[in-house]
Amino acid sequence: MLVDLIKTLYGYNAWANGRVLETAAGLDPDRYFARLGGSFDSVHDTLVHIVGAQWVWLRRWLGESPRAIFGPADFEGIADLRRRWEEVKTQAYLGGLDEAALGRLLFYRDTRGVEHTFSLWQTLVHQVNHAAQHRSEAAMMLTRLGHSPGELDFVRYLERRPQP
């Protein structure tokens with residue numbers, strides 16, 4: 001049951017991220033890089049943070065402890081960012097999980113070198129929740145720029161997803 005929940009949450013996460021990325025791709029560069037304030041200053045900076053966090057967590061789940069994540073200057077624009085996002089194969093990783101794997105302890109060091117231990121399932125839920133926080137900030141910025149990504153509700157995803 002927990003595996004199904006995690007996979008459903010990550011399906012939603014990919015769908016909602018896709019809607020935000022598609023909307024951001026419609027912005028001209030001045031708006032995409034505009035300094036709007038928030039946790040991260042621009043749509044670009046916010047999206048880079050989301051994909052960077054998703055990448056670092058995937059690396060941790062695979063047994064690594066990256067000392068840094070990429071930043072806004074590592075991407076020229078939305079097309080470059082989207083290419084990187086496609087390289088973060090979170091769905092492939094999730095495909096190999098079972099209930100026992102979700103209960104195992106994950107030991108890692110954060111980017112400051114501090115050691116942490118959590119159950120794998122806890123970090124999976126954390127990462128998708130973290131993405132939701134910053135995705136909502138990006139959606140707010142896009143809406144302020146006159147380009148709302150539309151509804152990002154979980155139930156809208158459930159209504160639209162292909163049924164098994």
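This is a predicted model: local features need pLDDT of at least 70, side-chain atom pairs count only at pLDDT 80 or more; totals for chains, interfaces and linings use all residues.
View 1. By class, five nonpolar, five polar and three charged residues form the lining of the second largest pocket. The elements that contribute two or more residues to this lining are α3 (43-61) and α7 (120-144). Of these, α3 gives the most, with five residues. The space in the second largest pocket amounts to about 240 Å³. Its lining has 13 residues, and V56, W57, R60, D110 and T111 are those nearest the centre of the pocket.

**View 2. The largest pocket, with a volume of about 280 Å³.** The lining of the largest pocket consists of 15 residues, and those closest to the centre are A14, N17, Q54, W85 and E86. Two or more lining residues come from each of α1 (2-25), α4 (78-87) and α5 (90-95). The most come from α1, which supplies seven residues. Sorted by class, the lining of the largest pocket holds five nonpolar, six polar and four charged residues.

**View 3. The contact between α1 and α3.** The axes of these two helices, α1 and α3, come within 11 Å and cross at roughly 150 degrees. Angles over 145 degrees count as roughly antiparallel, so α1 is roughly antiparallel to α3. The crossing of α1 past α3 is left-handed. On the α1 side, the contact is made by Y10, N13, N17, V20, L21 and A24. On the α3 side, V43, L47, I50, Q54 and W61 take part. By class, eight residues of the contact of α1 with α3 are nonpolar and three are polar, while none is charged. Two of the contact residues, N17 of α1 and Q54 of α3, are also among the residues closest to the centre of the largest pocket.

**View 4. The contact between α1 and α4.** Here α1 and α4 pack with their axes 10 Å apart, at an angle of about 160 degrees. The two helices, α1 and α4, are therefore roughly antiparallel to each other. As α1 passes α4, the crossing is left-handed. From α1, the residues in contact are N17, L21, E22, A24 and A25. From α4, they are I78, L81, R82 and W85. The contact of α1 with α4 has six nonpolar residues, one polar residue and two charged residues. N17, L21 and A24 of α1, which meet α4 here, are also part of the contact with α3.

**View 5. The contact between α3 and α4.** The axes of α3 and α4 come within 10 Å and cross at roughly 15 degrees. Angles under 35 degrees count as roughly parallel, so α3 is roughly parallel to α4. The crossing of α3 past α4 is left-handed. In α3, the residues that meet α4 are L47, V48, I50, V51 and Q54. In α4, their partners are I78, L81 and W85. By class, this contact of α3 with α4 has seven nonpolar residues and one polar residue, with no charged residues. I78, L81 and W85 of α4 meet α3 in this view, and these residues also meet α1.

Note on methods. Residues are numbered from 1 along each chain as its sequence is written. Side-chain values use heavy atoms; hydrogens and water are left out. On a 1 Å grid over the protein atoms alone, a cavity is a set of points where a 1.4 Å probe fits but cannot get out, and a pocket is an open set with protein on both sides within 12 Å along at least five of seven lines; lining residues have an atom within 4 Å of a point. Grid points are joined across faces, edges and corners, and a volume is the space filled by probe spheres set on the points. Helices (H or I, at least four residues) and strands (E, at least two) are DSSP runs, numbered from the N terminus. Ala, Val, Leu, Ile, Met, Phe, Trp, Tyr, Cys and Pro count as nonpolar, Asp, Glu, Lys and Arg as charged, and the others, Gly among them, as polar. Axes are lines fitted to C-alpha atoms, for helices over the stretch in contact, and angles run from 0 to 180 degrees between N-to-C directions. Angles under 35 degrees count as roughly parallel, over 145 as roughly antiparallel, 65 to 115 as roughly perpendicular and the rest as oblique. A crossing is left-handed if the near helix is turned anticlockwise from the far one by less than a right angle, and right-handed if clockwise. Contact means heavy atoms within 4.5 Å.
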